[in-house]
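Take a look at the model below. We will walk through it step by step.

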Amino acid sequence: MPTVYFVVPCYNEEEVLPETVKRLTKKLNGLMAAGMADEASRMLFVDDGSRDKTWEIIAAYTETNKYVAGVKLSRNRGHQNALLCGLMTAKEHCDCAISLDADLQDDIEVIDQFLEKYQEGCEIVYGVRSSREKDTVFKRSTAQGYYKFMKALGVDIVYNHADYRLMGKKALDALAEYREVNLFLRGIVPLIGYRCDYVYYERNERFAGQSKYPLTKMLKFAVDGITSFSVKPLKIISNLGIVICFLSIIGFIYALVSFFMGSAVAGWASTICSIWFLGGLQMLCIGIVGTYVGKIYSEVKHRPRYRIETTIINKE
């Protein structure tokens with residue numbers, strides 16, 4: 001039987017944590033009773049610098065529930081860094097790790113299917129939403145549009161998949177070799193390779209509390225995903241610069257023709273042509289330089305992605 005770790009990033013989740021621990025404990029006991037997980041399996045909650053009582057609740061559960069483990073980050077580092085911290089901590093103790101959100105929107109009843117596919121030889125199993133009917137029209141259209149846009153930019157991303165997935169020991173070891181500081185795990189994990197499969201599920205409503213991903217954070221996350229995995233936006237800028245330069249040449253020819261035909265406004269030709277030409281040339285140069293800067297930027301920043309303050313894992 002595999003040792004299974006549930007990795008749950010948490011940020012200000014004091015309202016939902018008691019119910020999350022209750023449901024995951026029940027699920028873990030069911031998996032162990034069915035012979036799908038062994039007694040060393042755990043729920044690893046990662047406190048991402050919460051400002052409420054999230055860590056106090058996690059620490060208290062580690063004393064009363066042997067299946068609860070906790071990691072406290074020294075400060076808020078964002079969902080992706082907290083999730084990576086949990087996965088890297090779990091990989092030293094487990095055969096496979098299943099990442100999920102603390103808000104109970106991910107359907108934990110399909111975890112059995114995750115483990116069945118793992119036992120069949122899959123190193124990565126993606127949880128994919130079967131529909132978005134429960135989302136608002138705005139959220140559904142923007143989310144689906146984003147996935148399609150990422151695909152158009154050449155990013156290998158699983159459509160309608162967030163961060164609900166199973167990763168085996170080999171996949172976790174491979175993930176540890178990716179050193180990006182600006183994390184976008186939905187784009188990194190497909191790069192790992194290995195045999196994978198998909199489990200489809202209906203996403204639930206949030207049990208309690210408020211979403212920790214308002215529109216501003218979602219937009220920042222989307223931009224991080226695009227800039228971390230594609231240089232096509234920079235190429236688009238370069239191409240736009242070329243087009244504008246070409247249009248400026250056409251404008252220059254038109255201005256000359258107008259001048260010799262005697263229909264030109266005094267000073268108009270020199271002003272317009274210089275603005276168009278210099279503007280196009282600047283965009284072209286920025287695009288070319290930006291391509292190199294973008295690649296350098298991705299490589300040279302080696303700041304720590306997170307720092308652990310406390311770790312509590314009950315081995316008994």
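This is a predicted model: local features need pLDDT of at least 70, side-chain atom pairs count only at pLDDT 80 or more; totals for chains, interfaces and linings use all residues.

Residues are numbered from 1 along each chain as its sequence is written, and side-chain values use heavy atoms, with hydrogens and water left out.

Start with the overall build. The protein chain has ten helices and eight strands. Helices (H or I, at least four residues) and strands (E, at least two) are DSSP runs, numbered from the N terminus. Of the 316 residues, 45% count as buried. Buried means under 20% relative accessible area, exposed means over 50%, and partly exposed lies in between (1.4 Å probe, protein chains only).

Now consider contacts, meaning heavy atoms within 4.5 Å. Take those between residues at least 6 apart in sequence: 82% of them join residues at least 24 apart.

Next, the surface. The accessible surface of the chain comes to about 16400 Å², and 60% of this belongs to carbon and sulfur atoms. Such areas come from the Shrake-Rupley method with a 1.4 Å probe; for residues, only the protein chains shown count as cover.

Which residues form a nonpolar patch on the surface? They are Val243, Phe246, Leu247, Ile250, Ile275 and Trp276, with about 580 Å² of accessible area together. Patches are made of residues with over 30% relative accessible area and no salt bridge; like charges are joined within 9 Å, and nonpolar side chains (Val, Leu, Ile, Met, Phe, Trp, Tyr) within 5 Å. A salt bridge is a side-chain nitrogen of Lys or Arg within 4 Å of a carboxyl oxygen of Asp or Glu. Helices α9 (232-261) and α10 (268-300) each supply at least two patch residues. The largest share, four residues, comes from α9. Leu247 is found in α9. Leu247 counts as partly exposed because its relative accessible area is 38%.

Is Lys91 buried or exposed? Lys91 is buried, because its relative accessible area is 12%. This lysine sits in the loop between α3 (79-90) and β4 (96-99). Leaving aside neighbours within four places in sequence, Lys91 is in contact with Lys169, Leu172, Asp173 and Ala176. The side chains of Lys91 and Asp173 are joined by a polar contact of 3.5 Å. A polar contact is a pair of N or O atoms within 3.5 Å; within protein, one must be able to donate a hydrogen and the other to accept it, and residues adjacent in sequence count only if both atoms are side-chain atoms.

Finally, turn to Lys315, in the segment after β8 (308-312). Lys315 is exposed, with a relative accessible area of 58%.
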